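Please keep the sequence and the 3D view open while reading.

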Amino acid sequence: MSQIPQFLVDNLPTASATTSRPHVTLTWAQSLDSKIAGPGGQRVILSGPESMLMTHWMRSVHDAILIGVNTLILDNPRLQANLLPSSLNLPPPQPLILDPKLRFPITSRILNEWNTKPDQRGKTIRQPWIICGNDVPTERVREVEAEGARVVLVKLDARGHIPPSSLPTILESLGLRSVMIEGGSRVLSTFLHSLKRDDGSRLVDSVVVTVAPMFIGEGIGGEDVGLPALKTIHTEKMGKDAVMICEVE
Ligand SMILES: NC(=O)c1ccc[n+]([C@@H]2O[C@H](COP(=O)([O-])OP(=O)(O)OC[C@H]3O[C@@H](n4cnc5c(N)ncnc54)[C@H](O)[C@@H]3O)[C@@H](O)[C@H]2O)c1
Ligand SMILES: Nc1nc(=O)c(N)c(NC[C@H](O)[C@H](O)[C@H](O)COP(=O)(O)O)[nH]1
């Protein structure tokens, strides 16, 4: 797959997004028993090679890729698009971490690679940007910034979360036109339960789910209630997996 899969171009309208109206995509990979990770949050490889490559194409068409701090701690991901042909010189997405209390581990791979591979900056690595509560002590903010990350302070909601409804405004202030929210379970859940942006318009534009033909059993996911109805826009078979693109109704 040396080109972006056509079904993404046709059904994921990120190219027309603007900073004043950023496109929000929620995406995850799940098992047939609706799990996204194993016991204790252990990472499970659900996607086959074809759908994993598709995920990296999706990363490349969004300005930013966002995860919750637990996923950062548990998976220590790279959040790059390094499965794509390097000859295409596609810019990597901007990593954003939702981290209300600024627990960000300074040993994390995204920061370590930013600090140790300056020749890769702008080609495959971007500075990690951490979105945290405006009540985090200044010393802690300075400590994390001194290690090389950018810290963005925002007002938290009553649950101590970054309010999902305010994410588009945060993206606009950062000059980002689109975001791919890749998990984990709690972040996906709060975004699916929050239907509107602060301006009253729809919050989530696209939901892209990879369904892998396997069972995880004990694990993370599959217990949420009160989720909104989805409308299927497109389903694509990718290797062993099915990839569904939906809209929130
Ligand atoms: N299969 C997949 O596609 C996939 C993708 C990503 C993560 N995962 C898995 O998900 C698991 C982690 O999920 P999780 O639920 O423990 O953590 P998470 O990654 O969803 O992070 C949750 C934390 O984010 C913070 N947060 C800030 N704003 C928030 C908001 N609006 N809503 C919710 N949380 C907010 C809170 O501090 C919260 O504790 C890991 O096991 C990881 O492997 C799977
Ligand atoms: N599409 C997808 N298929 C999977 O089978 C799986 N386990 C994830 N999980 C997503 C989660 O965000 C991981 O943390 C990153 O996928 C880590 O991968 P990278 O180091 O960034 O390539 N995502």
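In this predicted model, strand β2, helix α3 (residues 69-75) and strand β3 form a right-handed β-α-β unit, where right-handed means that, with the strands pointing away from the viewer, the path from the first strand over the helix to the second runs clockwise. A further right-handed β-α-β unit is made by β3, helix α4 (residues 109-116) and β4. Helices (H or I, at least four residues) and strands (E, at least two) are DSSP runs, numbered from the N terminus.

Because the model is predicted, local features need pLDDT of at least 70 and side-chain atom pairs count only at pLDDT 80 or more, while totals for chains, interfaces and linings use all residues. Residues are numbered from 1 along each chain as its sequence is written, and chains are lettered from A and ligands numbered from 1 in the order in which they are written.

**Strand β3 and its partners**
- Strand β2 (residues 64-68) runs parallel to β3 (residues 94-98) and is joined to β3 by 5 bridges, with I97 of β3 as the bridge partner of I67; two strands are taken to pair if DSSP finds at least two bridges between them.
- Strand β4 (residues 129-133) also runs parallel to β3 and is joined to β3 by 3 bridges, and here I131 of β4 is the bridge partner of L98.
- Of the 5 residues in β3, 5 are buried, a residue being buried if 20 or more other C-beta atoms, placed from the backbone, lie within 10 Å of its own, exposed if 12 or fewer, and partly exposed in between.
- In a regular strand the side chains alternate between the two faces of the sheet.
- Both faces of β3 are covered, with Q94, L96 and L98 buried on one side and P95 and I97 buried on the other.

**The sheet as a whole**
- The open sheet has 9 strands in the order β5-β4-β3-β2-β6-β1-β7-β9-β8, and its pairing is mixed.
- Its edge strands, each pairing on one side only, are β5 (150-154) and β8 (230-238).
- Neighbouring strands of this sheet are turned against each other by 25 degrees on average, direction ignored, with axes being lines fitted to C-alpha atoms and angles running from 0 to 180 degrees between N-to-C directions.

**Chain-level figures**
- The chain contains 7 helices and 9 strands, and buried residues account for 37% of its 249 residues.
- Along the principal axes, the C-alpha atoms fill a box of roughly 50 × 45 × 40 Å.

**Loops and backbone exceptions**
- L102, in the loop between β3 and α4, has a positive phi of about 55 degrees although it is not a glycine, and counts as buried because it has 21 C-beta neighbours inside 10 Å.
- S34, in the loop between β1 (23-30) and α2 (49-60), has a positive phi of about 60 degrees although it is not a glycine, and its 15 C-beta neighbours inside 10 Å make S34 partly exposed.
- A cis peptide bond, with omega of about -5 degrees, joins G183 and G184, and G184 is found in the loop between β6 (178-181) and α7 (185-193).
- K155, in the loop between β5 and α6 (167-174), counts as exposed because it has 10 C-beta neighbours inside 10 Å.
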